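Visitor: Please show me the model, and then let us go through the terms used to describe it.

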Amino acid sequence: MLVSITPKLERPKWLRAPAPSGENYRELKGLIERLRLHTVCESAACPNVGECWNQRTATFMILGNVCTRRCGFCAVQKGAPLPVDYDEPRRVAEAVEAMGLRFAVITSVNRDDREDGGAEMFALVIRAIRDRLPECGVEVLVPDFQGSHAAVDIVMDAAPDVFNHNTETVPRLYRQVRMGARYERSLDVLGYAKQAAPRTPTKSGLMLGLGEGIDEVLEVMRDLKAHNVDILTLGQYLRPSPEHLPIVRFVTPGEFAELKSAGYEMGFVHVESGPLVRSSYHAASAGSAITADTVS
């Protein structure tokens, strides 16, 4: 059953994020503009952009800011993809150095127009950061590469510190929420990444409030653990515009706390679960808390 259109829900008081402001925020915004880079923080209208940028953290979005898929939840622009910019890895590394990052998160739009889905660029960015800042940790948040194991190999050969791919929602809602994606394919990407590099932590996340049941969320969590995922993120879906999928309900902080406890009981090494949690929220602390001895 697909989600039906519902009247706009009033956002609860406990689901408020401060407006982006502050010296660090303005400095980073200027840096991103000067280096002609994109961040998922802005392109996907993340509610935590003010908090994260003032803590001098950001998630860089490579391969342009136009996505080849049309997911119903995402604020990133859709359409014909931009040309690949092979100077981008150098500029990302320069920004990471200027920000003084110890942990960088790299994601991308879907690039179904490319045979490797953009895997080559992920590898180039990882290596550019390592060449400039050898001690900086790097998490990659990748698309599904249309299930290509060869593309996953390209990324894993560059040795990211964390490999992240989001399942986003429960299988029943995939046709509406993740157009062009398949639940089993996402699980396979995560499982294969762990097989290719067993000591590299893997990570996945879901948005809640799109019409899923808690029992369905728990089943996805069990599937992720069965595919040896180490880190889990759970957050509230927030509608970017009236043209995007509606919010079916607001999941309470208490429910998020219960899911967090359930995640630890299932054996996840680290769980971030809360209304404003996003895939890269507190990524640095999660990444630093994971060691080769604790991964699946």
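Visitor: What makes both faces of β8 count as covered?

Guide: This is a predicted model, in which local features need pLDDT of at least 70, side-chain atom pairs count only at pLDDT 80 or more, and totals for chains, interfaces and linings use all residues. Residues are numbered from 1 along each chain as its sequence is written, and side-chain values use heavy atoms, with hydrogens and water left out. Buried means under 20% relative accessible area, with a 1.4 Å probe and protein chains only; Thr202, Ser204, Leu206 and Leu208 on one side of β8, and Lys203, Gly205 and Met207 on the other, are all buried. Seven of the seven residues of this strand are buried, so β8 is largely enclosed by the rest of the structure.

Visitor: How do you know that β8 and β9 pair?

Guide: Two strands pair if DSSP finds at least two bridges between them, and β8 and β9 (residues 231-236) have six, in the parallel sense. Within this pairing, Ser204 stands opposite Leu232.

Visitor: Why are α5 and α6 called roughly parallel?

Guide: Angles under 35 degrees count as roughly parallel, where the angles run from 0 to 180 degrees between the N-to-C directions of axes fitted to C-alpha atoms over the stretch in contact. The axes of α5 and α6 cross at roughly 5 degrees and come within 8 Å, and the two helices are therefore roughly parallel to each other.

Visitor: Which residues of α5 meet α6?

Guide: Contact means heavy atoms within 4.5 Å; Ala119, Glu120, Phe122, Ala123, Ile126 and Arg127 in α5 meet Ala151, Ile154, Val155 and Asp157 in α6.

Conventions. Helices (H or I, at least four residues) and strands (E, at least two) are DSSP runs, numbered from the N terminus. Angles under 35 degrees count as roughly parallel, over 145 as roughly antiparallel, 65 to 115 as roughly perpendicular and the rest as oblique. Buried means under 20% relative accessible area, exposed over 50%, partly exposed in between (1.4 Å probe, protein chains only).
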